[in-house]
Amino acid sequence: MGKIVFAGAMSHVLDPDYYQRACGDEGRRMVTDCMTEIARMGERFSATRADALIVVADDHLNAFSFNAVPALCVRIGRSVPRMKQDHAEAFDAVLDHMADDYPLHEDLANAILEQGLDSGFDLAMSWEAPVDHAFLSPVNTMHGTRPVPPLVPIWVNAFVAPQPTPKRCFDFGRHIARVVAASPWNVGIIATGGLSHFPELSLPRVGETDTVFDRKLIHWMERGEHEPLRELTVGELHKTGEHEFLNWMVLIGAVSPARAQVRYFGELRRINLAAVEWSLP
Amino acid sequence: MSRYAVNSTLYRLKKDPEFRARFQADAAAALASVDLTEAERAAFVNHDMRRINELGGYLHLVMSVPGLAAH
């Protein structure tokens, strides 16, 4: 019988040079501190010797263009490449030094996909989509020079309206928990992105965050109070710059009613950096 | 309707180096066959990413088109 043996969520632009350019010395210091905590989370994850790592993240219009934008998509196949971008700027440049290809846990990905369709989740699938910084920045920060275990990348459409609801994401997480429980594998799961940044996806508002809303989310996560999280609306997340919390909602559904422990929370004008880990039974 | 044209143009500028080079050499000519409103076309020709964002261009695209990105 399988088990979720690790669960963590974290910001996903993890690059001191990026924050130096965007926020100066304070940005470099804070993201370095956040990355230190994420690396420690990675050590704890590696100690579980899990068979696979599910990574729930969003696409930044890199993997999917306007020919199709899936609400929820499971990456299947045997390996996944990192996104390649010529003359990469900003968050895309974070990928440049990373390994080109990563193994997938094909059987777990197929089980999440196939059992999902059987149980009412009309998931999209992809054999070819590459993964961007939302997946690889946390994975590589967690693992450092250690080998990365087989991944199961899952995309949530966090940005292109209409998005899936927080409740739907939570319920999809419950589905993942059921699949893992019925499997022979021990599995880690991470969700990436956030916390508050880029409210309303408005360029003039880059540099604003909603720390009050972040603290409300953290309060509920720490206490395992998941009903108020399920009742959040996409509109609230858009207004407060919490778009990527949809990814976190999948994880929260997967581990509910587990309580979260904050490993790092830092208020930075551009983004509130966070690293959170759940205490699992 | 126009949101698609704005974003598909941004996406091409990001992912298609040849189109990007033509745009940087002569933006108006590169966009001649693209179905944009006059306001959208002017924003692109002026490399005005803030205006493009106001017109529906997704933030992560306006922040990551090589050589044109707003930060």
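The largest pocket of this predicted model holds about 210 Å³ of space. A pocket here comes from a 1 Å grid over the protein atoms alone: it is an open set of points where a 1.4 Å probe fits, with protein on both sides within 12 Å along at least five of seven lines, and lining residues have an atom within 4 Å of a point. Grid points are joined across faces, edges and corners, and the volume is the space filled by probe spheres set on the points.

Which residues line this largest pocket? They are Gly2(A), Lys3(A), Ile4(A), Arg174(A), Ala177(A), Val180(A), Ala181(A), Ala254(A), Val255(A), Ser256(A), Leu280(A) and Pro281(A). Two or more lining residues come from each of β1 (3–10), α4 (166–181) and α8 (245–255) of chain A, and α4(A) gives the most, with four residues. These elements are DSSP runs numbered from the N terminus, helices being H or I with at least four residues and strands E with at least two. By class, the lining has eight nonpolar, two polar and two charged residues; Ala, Val, Leu, Ile, Met, Phe, Trp, Tyr, Cys and Pro count as nonpolar, Asp, Glu, Lys and Arg as charged, and the others, Gly among them, as polar.

The second largest pocket has about 150 Å³ of space. Its lining includes Phe45(A), Arg49(A), His143(A) and Arg146(A), and also Pro147(A), Pro149(A) and Pro150(A). Six of its lining residues are nonpolar, two polar and two charged.

Pro257(A) sits in the loop between α8 and β9 (259–267) of chain A. Another cis bond joins Gly194(A) and Leu195(A), with omega about -5°, and Leu195(A) belongs to the loop between β8 (186–192) and α5 (211–223) of chain A. For context, most residues other than glycine have a negative phi, and most peptide bonds are trans. Leu61(A), though not a glycine, has a positive phi of about 60°; you will find Leu61(A) in the loop between β2 (52–58) and β3 (72–75) of chain A.

The rule asks for a side-chain nitrogen of Lys or Arg within 4 Å of a carboxyl oxygen of Asp or Glu. Glu26(A) and Arg269(A) make one of them, at 3.4 Å from N to O. This pair links distant parts of the chain, 243 residues apart: Glu26(A) is in helix α1 (residues 16–47) of chain A, and Arg269(A) is in the loop between β9 and β10 (272–279) of chain A.

Let us turn to the interface. Here 26 residues of chain B are in contact (heavy atoms within 4.5 Å) with 24 residues of chain A. The two chains bury about 2200 Å² between them, 64% of it on carbon and sulfur atoms; buried area is the accessible area (1.4 Å probe) lost on putting two parts together, summed over both. In chain B, Tyr58(B), Leu59(B) and His60(B) lose the most area to chain A, together 29% of what that side buries. Two salt bridges cross this interface. In one salt bridge, Lys14(B) pairs with Asp92(A), the closest N and O atoms being 2.6 Å apart.

Residues are numbered from 1 along each chain as its sequence is written, with chains lettered from A and ligands numbered from 1 in the order in which they are written. Local features need pLDDT of at least 70 and side-chain atom pairs count only at pLDDT 80 or more, while totals for chains, interfaces and linings use all residues; side-chain values use heavy atoms, leaving out hydrogens and water.
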